Amino acid sequence: MRLSRYFLPVLKESPKEAEIVSHKLMLRAGMIKQQAAGSYSWLPLGYKVLNKVIKIVEEEQNRSGAVQLLMPTVQSADLWKESGRYDAYGKEMLRIKDRHERDMLYGPTNEEVITDIFRTYVRSYKDLPLNLYHIQWKFRDEVRPRFGTMRSREFLMKDAYSFDLDEAGAKKAFQRMFVAYLRTFYRMGLTGIPMRADAGPIGGDLSYEFHVLAETGESQVFLDADLATKPVPPIDTDFSGDLSPIFDDWTSLFAATEEMTDEKTFRAAVSHNRQLMARGIEVGHIFYFGTKYSEPMKATVTGADGKEITVHMGSYGIGPTRLVPAIIEASHDDNGIIWPVSVAPFEVELINLKAGDKDTDAACGTLYDELQTAGLDVLFDDRDQPAGAKFATADLIGIPYQLILGPRGLKDGQAEIKHRKTGERETLPIASAVARIKSLVEPERRDTV
Ligand code: 5CA
């Protein structure tokens with residue numbers, strides 16, 4: 001992408017309405033624009049990051065055996081009356097009437113719709129286990145939408161729903177999602193720590209939240225510090241095998257949100273040198289709730305003995321539009337965002353220090369073509385602007401590697417690479433620059449680990 005042809009409305013000043021660093025940086029870097037309270041447009045740079053986050057979520061859901069579909073945003077209230085949640089959900093639900101005065105709602109979650117799909121088509125125990133997921137917009141009329149897309153009213157959710165014959169089967173489904181989540185957050189450059197949590201309005205008695213540790217997190221969390229450095233299960237993990245050793249290993253270490261524990265219990269349970277009290281951002285939440293929805297909505301299958309079995313269910317959420325600011329909270333400095341390669345809007349930014357100079361333009365044009373041919377996601381700052389302004393924008397939008405070329409370097413046959421994260425600079429022959437960038441980027445994509 002040539003920056004001269006792109007749409008990147010960066011702001012010089014920090015917007016006053018933003019309280020936390022990720023919100024400030026997303027506005028300054030031209031990633032989002034507020035449209036109403038808790039509602040945002042995703043501008044091209046932000047949308048590109050969001051799509052990379054979504055792709056990782058999809059890959060890991062698919063790897064674990066979940067199957068993707070798509071359900072509507074606007075739902076009929078009838079299903080919610082069947083499950084008994086229509087009145088219970090309260091003011092967070094956006095209630096709508098259509099032209100025939102029928103009660104509709106903008107879905108805050110999809111347990112009812114998926115249970116309806118399941119009961120329409122699935123008849124036999126032979127069709128289980130089944131896990132169906134979608135990535136779709138939700139609306140929750142939050143009391144206090146804040147922090148940009150971190151807590152918005154309209155937000156994107158990946159929600160998966162598992163169906164099993166009994167509790168033992170459902171626990172296995174739960175473990176598959178648990179492992180998929182560990183991998184998902186790791187691939188985005190995050191440490192996502194599973195914590196025992198409160199199930200809230202979704203219900204059930206087994207629930208884990210996944211938290212990213214950050215000073216601005218809304219939850220107080222208590223954990224065994226060893227969890228923060230634990231290697232996640234690798235790409236060749238067998239999701240059809242027994243995952244309980246991995247699950248038990250992770251959940252044997254203390255980690256809980258403030259709703260589930262207190263400081264005294266925590267201090268008594270974890271050895272002194274491993275006690276970590278921190279703030280956390282909830283990026284995922286998984287639930288096992290048995291027959292809470294299948295019972296009232298009559299989601300049953302016929303068992304091997306011909307008897308009707310009410311299925312056991314779980315649901316599993318991830319917030320992609322919250323993950324983007326969470327990644328920024330975890331990875332930034334005074335100059336701007338520092339994207340992990342796997343979710344960076346572009347992997348490398350080519351900077352022409354003297355746009356308009358015939359030779360530099362030609363050399364940069366060649367580099368731009370070669371970077372693309374090498375399979376790299378490239379942003380080319382070809383604008384006629386002072387070098388200082390270009391460097392400031394490059395640091396602000398946080399592209400992991402900058403490849404810099406000007407007339408002086410060109411005369412000596414040398415280009416410069418700047419590593420955004422460390423500030424390290426290397427000067428190298430122009431002819432080897434593309435191969436060098438490729439060798440830096442590829443291992444950091446985390447798509448084969
Ligand atoms: N049906 C279940 C799981 S599928 C559910 O709704 N779970 S949830 O309420 O915990 O939400 C799942 C995830 O959505 C959260 O972990 C969070 O990452 C994201 N999320 C929830 N509310 C918001 C919000 N207001 N803004 C941004 N993301 C949100």
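These notes go through a few helices and strands of a predicted model.

1. Basis. The model is predicted: local features need pLDDT of at least 70, side-chain atom pairs count only at pLDDT 80 or more, and totals for chains, interfaces and linings use all residues. Residues are numbered from 1 along each chain as its sequence is written, and side-chain values use heavy atoms, with hydrogens and water left out. Helices (H or I, at least four residues) and strands (E, at least two) are DSSP runs, numbered from the N terminus.

2. Helix 2. This helix covers residues 44–63. Just after helix 2, G65 has a positive phi of about 105°.

3. Helices 6 and 7. Helix 6 (residues 167–187) packs on helix 7 (residues 244–251) at about 65°, the axes being 9 Å apart. Axes are lines fitted to C-alpha atoms, for helices over the stretch in contact, and angles run from 0 to 180 degrees between N-to-C directions. Contact (heavy atoms within 4.5 Å) involves F174, Q175, F178, V179 and L182 of helix 6 and S244, I246, F247, W250 and T251 of helix 7.

4. Strand 11. Six of the six residues in strand 11 (residues 219–224) are buried. In a regular strand the side chains alternate between the two faces of the sheet. Here both faces are covered, with S219, V221 and L223 on one side and Q220, F222 and D224 on the other. Six bridges join strand 11 to strand 13 (residues 275–290), antiparallel, and D224 stands opposite Q275. Three bridges join strand 11 to strand 12 (residues 255–257), also antiparallel; here L223 stands opposite A255.

5. Strands pair if DSSP finds at least two bridges between them. An open sheet with mixed pairing has the order 20-19-21-22-23. Strand 20 (378–381) and strand 23 (425–429) are the edges, each pairing on one side only. Strand 19 (residues 348–352) runs parallel to strand 21 (residues 401–405), joined by five bridges; L350 has L403 as its bridge partner.

6. Helices across the sheet. Helix 11 (residues 358–373) lies across strands 19, 20 and 21, at about 170° to strand 19. Helix 14 (residues 430–444) lies across strands 19, 21, 22 and 23, at about 135° to strand 23.

Notes. Buried means under 20% relative accessible area, exposed over 50%, partly exposed in between (1.4 Å probe, protein chains only). The expected span of a helix is 1.5 Å times one less than its number of residues.
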